Amino acid sequence: MSTRTLWHHATLATLTHGAPDGWGLVPNGAVLTEGDTILWVGPYDRRPAAADGAREVDLGGMLVTPGLIDCHTHLVYGGHRANEAEMRANGASYEEIARAGGGIRSTMAATRAASEQELYDGAMRRVSALMREGVTTLEIKSGYGLSFDAEERCLRVARAIGASGAVDVRTTYLAAHALPPEFDGRADDYIEAVCAWMPTLQAAGLVDAVDAFCETIGFSPAQTQRVFEAATSLGLPVKLHAEQLSDQGGAVLAASYGALSCDHLEYLSTAGVAAMKAAGSVAVLLPGAYYMLRETRVPPIASLRSAGVPMAVATDHNPGTSPGLSLLLSAHMSCIFFRLTPLEAIKGITVHAAKALGLIDRGMLAAGMRADFASWDVAHPNELTYWFGQNPCRRVIAAGVERA
Ligand code: DI6
Ligand code: FE
């Protein structure tokens with residue numbers, strides 16, 4: 001019996017590079033898969049001989065896109081911070097709350113207090129919400145443990161979510177997220193510890209990339225650079241929370257280490273744009289945090305666009321500044337707040353999000369790609385960033401297997 005499947009009766013948005021209409025629309029399209037890989041994509045009428053005898057699945061005339069990719073999340077944590085959102089509603093700023101020991105530190109305390117099973121259950125609930133909206137790959141950062149044991153635990157939980165087979169998970173080590181209280185007044189010592197823990201975590205197979213929060217309320221460029229040096233010496237790719245609240249020159253620094261991505265970027269400078277272009281770094285836009293913080297400055301989209309820096313969009317799901325669990329809503333917000341076009345936003349949650357994770361085998365519908373795709377009850381992909389507050393996702397195929 002053939003292990004091949006011909007998924008047909010669909011309008012495809014392939015998102016392949018250079019498609020004349022941008023979207024790569026294929027009416028009456030079909031996708032031939034074998035195992036976890038796409039063998040062929042095209043009009044059903046022109047299916048290849050290899051499709052003969054394949055199992056056929058009728059997709060009901062729906063739109064099919066590549067599986068969505070959320071390339072920036074902090075999904076593993078204990079507790080939540082609705083109380084701080086209320087404090088902000090009453091006038092406190094994010095920085096004030098952080099300086100008063102709230103913010104990331106309060107989530108750190110809840111994360112350390114939680115069992116591994118509790119962390120897994122909470123994260124899996126959130127991952128399931130993303131998955132119902134067509135997400136087939138996601139990145140999960142540590143950064144709420146802030147000790148060796150607690151960071152390791154969070155990374156293990158992230159890996160376990162990937163191993164459950166539901167979704168492909170990339171893990172990012174973000175111990176340089178905030179200063180834990182036991183290192184008060186000793187940020188450089190903490191950075192030394194962050195670097196010292198890295199090889200052990202990498203050897204345990206827990207780290208795909210390394211990130212830091214380069215900010216006045218986070219870590220300085222010099223401290224960030226030490227983290228990048230440690231990562232680079234281990235062959236780990238880097239990315240950076242850069243220019244979210246102020247211009248620290250983080251993007252220029254990250255680009256000099258060949259960063260996969262620089263993320264947030266509301267305060268990105270012209271020099272930062274040029275450095276990212278030269279390094280091939282992806283600009284990851286996080287409109288959920290922009291929205292929740294009532295930020296008024298938008299990332300320099302026109303400069304990024306004219307420089308040709310690929311732009312991705314992600315949820316930045318975290319309990320402090322972006323508690324949302326809808327990648328489509330993030331894409332919608334990127335169009336409204338940042339004026340991305342619908343095509344840019346959809347590429348931002350597929351092919352450019354893949355690039356932000358260093359992945360070249362997904363994000364498009366094309367032969368040789370992973371068989372990750374979703375069907376949607378809409379006629380055109382521009383509807384995906386138009387509607388909000390509803391979920392048009394109908395079927396999800398991840399690594400060639402349809403999710404129940
Ligand atoms: N920037 C953010 O928006 C999140 N982390 C970061 O470096 C916020 C994390 C939090 O407030 O818990
Ligand atoms: Fe973040």
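Colleague: At roughly what angle do the axes of α6 and helix α7 cross?

Modeller: This is a predicted model: local features need pLDDT of at least 70, side-chain atom pairs count only at pLDDT 80 or more, and totals for chains, interfaces and linings use all residues. Helices are DSSP runs (H or I, at least four residues), numbered from the N terminus. Axes are lines fitted to C-alpha atoms, for helices over the stretch in contact, with angles from 0 to 180 degrees between N-to-C directions. The axes of α6 and α7 (residues 221-233) come within 9 Å and cross at roughly 15°.

Colleague: Are α6 and α7 parallel or antiparallel?

Modeller: Angles under 35 degrees count as roughly parallel, over 145 as roughly antiparallel, 65 to 115 as roughly perpendicular, and the rest as oblique. The α6 and α7 axes cross at roughly 15°. Therefore the two helices are roughly parallel.

Colleague: Which residues of α7 make the contact with α6?

Modeller: Contact means heavy atoms within 4.5 Å. From α6 come Ala-187, Asp-188, Ile-191, Glu-192, Val-194, Cys-195 and Met-198. From α7 come Gln-223, Arg-226, Val-227, Ala-230 and Ala-231.

Colleague: How many residues of the α6 contact with α7 are nonpolar?

Modeller: Ala, Val, Leu, Ile, Met, Phe, Trp, Tyr, Cys and Pro count as nonpolar, Asp, Glu, Lys and Arg as charged, and the others, Gly among them, as polar. The contact has one polar and three charged residues. Its nonpolar residues number eight.

Colleague: How do α4 and α5 lie to each other, parallel or oblique?

Modeller: Helix α4 covers residues 116-132 and helix α5 residues 148-163. Their axes come within 10 Å and cross at roughly 45°. That makes the pair oblique.

Colleague: Which residues of α5 meet α6?

Modeller: The α5 and α6 (residues 187-203) axes are 11 Å apart, at an angle of about 35°. On the α6 side are Trp-197, Thr-200 and Leu-201. On the α5 side are Phe-148, Glu-152 and Leu-155.

Colleague: Which of the 14 residues around ligand 1 come nearest?

Modeller: Residues are numbered from 1 along each chain as its sequence is written, chains are lettered from A and ligands numbered from 1 in the order written, and side-chain values use heavy atoms, leaving out hydrogens and water. A residue is near a molecule if one of its heavy atoms lies within 4 Å. The nearest are Arg-81, Tyr-94, Tyr-144, His-177 and Thr-321.

Colleague: How far is a nitrogen atom of ligand 1 from an N or O atom in the side chain of His-177?

Modeller: Oxygen atoms of ligand 1 lie 3.4 Å from such an atom of Asp-316 and 2.8 Å from one of Thr-321. For His-177, the ligand nitrogen is at 2.8 Å.

Technical notes:
Polar contact = N/O pair within 3.5 Å; in protein donor to acceptor, adjacent residues only side chain to side chain.
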